[in-house]
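Keep the picture open while you read, and find each residue as it comes up.

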Amino acid sequence: MHDSLAKPLSVFTGPCQGIRGSKTTQRVAGAGSHLAAKAVLAFASNFDHPENSLLVNLSYLLVRLIVMLSFSDILTAHSLTSPQAIFELFKEDGWAYWVDEYVKDSRYCYGDITCQGFWGGFQYVIDQTAPFEVPEYPCSPVPIDRVVAAFGISADAASQSDRKTMRNYWAHTYLYNRFGAKYNKGHLIARSMGGPIDCNLFPQIEHINLGRSPQGKRFREMERYISAHPGAFVFARPVYGDFSDCPYALEYGYCDESLQFVTETFPNRP
């Protein structure tokens with residue numbers, strides 16, 4: 001990593017210049033809550049030793065409560081009455097709010113950020129960085145393309161062609177060995193609820209992906225509920241702490257016909 005990139009994050013108040021069309025991000029009610037949540041995540045990431053596990057768990061609990069309040073504000077502010085209406089809001093311009101958070105996390109080093117539709121109607125906000133350099137940091141591009149967020153409406157079936165592709169070409173767990181043996185091939189949107197492949201894959205820490213810890217059991221419980229309730233709005237937002245495509249945490253949630261957002265933040269580093 002270049003030394004010039006190791007500057008502290010600052011508050012972003014203007015347009016995201018890297019977004020196609022220089023789209024200005026539109027904040028929704030509760031935006032300050034997400035800033036506070038990120039601060040807690042950054043604090044918790046400094047405690048990697050077992051003796052500090054209680055502090056880390058309490059920090060993630062605080063993140064969970066903060067984020068839940070923010071999504072409740074979104075429902076109220078926009079008078080949303082169905083999961084489909086929530087999806088339409090984020091598809092139209094709500095995804096730019098996630099971009100705002102990502103841009104700050106990335107220290108304003110990013111490329112062409114677009115929202116792209118994939119099989120099954122799921123939308124992926126992707127930062128394509130390959131040919132870009134950041135004016136503030138000459139010759140210091142973000143080193144790899146990565147997903148900013150994924151969202152859509154859960155379905156009750158996965159693509160059979162995707163099943164075959166996964167089995168023949170993407171089934172190997174060593175795809176993310178560069179991050180260590182504790183990482184599996186995770187899915188931002190589970191295939192059991194209609195998630196695609198390709199950009200849907202990310203390095204996910206094993207105890208969360210396989211449900212081998214209390215937090216992992218909670219993650220799998222949420223996946224099973226969404227898969228059993230097609231028509232729910234579901235999203236996944238990687239929270240990055242460096243310039244790799246391995247997130248430090250995953251913000252994950254859904255909203256079904258009850259219009260109650262269920263949101264958790266899961267760690268993704270040992």
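1. Start with a charge and a ring: the charged end of arginine 146 sits over the ring of tyrosine 240, 4.2 Å from its centre.

2. Before going on, a word on what you are looking at. This is a predicted model, where local features need pLDDT of at least 70, side-chain atom pairs count only at pLDDT 80 or more, and totals for chains, interfaces and linings use all residues. Residues are numbered from 1 along each chain as its sequence is written, and side-chain values use heavy atoms, with hydrogens and water left out.

3. Now the overall layout. The protein has six helices and eight strands, and from the N terminus on they run α-α-α-β-β-β-α-β-β-α-α-β-β-β. Both kinds of element are DSSP runs numbered from the N terminus: helices are H or I with at least four residues, strands are E with at least two. Of the 270 residues, 51% count as buried; that means under 20% relative accessible area, while exposed is over 50% and partly exposed is in between (1.4 Å probe, protein chains only).

4. Next, the sheet. Six strands form an open, antiparallel sheet in the order S1-S2-S3-S6-S7-S8; two strands pair if DSSP finds at least two bridges between them. Strands S1 (112-117) and S8 (261-267) are at the edges with a single partner strand each, so one side of each has no neighbour in the sheet. On average, neighbouring strands are turned by 15° against each other, direction ignored.

5. Walk across part of that sheet with me. S1 and S2 (residues 123-128) pair in the antiparallel sense over six bridges, and cysteine 115 has valine 125 in S2 as its bridge partner. Five bridges then join S2 to S3, again antiparallel; here aspartate 127 is the bridge partner of arginine 146, the residue whose charged end sits over tyrosine 240. S3 and S6 pair in the antiparallel sense over four bridges, with alanine 150 partnered by alanine 236 in S6.

6. How many of the eight residues of S3 are buried? Eight of the eight are, so S3 is largely enclosed by the rest of the structure.

7. Which core residues touch the most other members? Of the 26 residues in the largest nonpolar core, they are Trp98, Ile113, Phe151 and Phe233. Such a core is a set of buried Ala, Val, Leu, Ile, Met, Phe, Trp, Tyr and Cys residues joined through side-chain atoms within 4.5 Å. H2 (53-78), H3, S3 and S6 each supply at least two residues of this core, and H3 gives the largest share, 10 residues. Apart from it lies another core, of 25 residues, among them Val147, Leu188, Val234 and Tyr252.

8. Leaving out residues up to four places away in sequence, its contacts include Trp98, Cys115, Val125 and Phe233; contact means heavy atoms within 4.5 Å. Phe151 also belongs to one aromatic cluster, along with Phe71, Phe87, Phe90, Trp98, Phe233, Phe235 and Phe261.

9. Rings turn up in pairs too: the structure holds 17 aromatic pairs. Rings of Phe, Tyr and Trp (its six-membered ring) pair if their centres lie within 6.5 Å; planes under 30 degrees apart count as stacked, over 60 as edge-to-face and the rest as tilted. Phenylalanine 118 and tyrosine 124 are edge-to-face, 5.2 Å centre to centre with 70° between the planes. Phenylalanine 118 is partly exposed at 25% relative accessibility, whereas tyrosine 124 is buried at 0%.

10. Another pair is phenylalanine 219 with phenylalanine 266: the centres are 5.3 Å apart and the planes at 80°, so this pair is edge-to-face. Phenylalanine 219 lies in helix H6 (residues 214-228) and phenylalanine 266 in S8, so the pair ties together parts 47 residues apart in sequence. Phenylalanine 219 is buried at 0%, and phenylalanine 266 is buried at 4%.

11. Finally, the segment after S8, where you find proline 270. Is proline 270 buried or exposed? At 56% relative accessibility, proline 270 counts as exposed.

Note on methods:
Axes fitted to C-alpha atoms, helices over the stretch in contact; angles between N-to-C directions. Lys NZ or Arg CZ within 6 Å of the ring centre and 35° of its normal.
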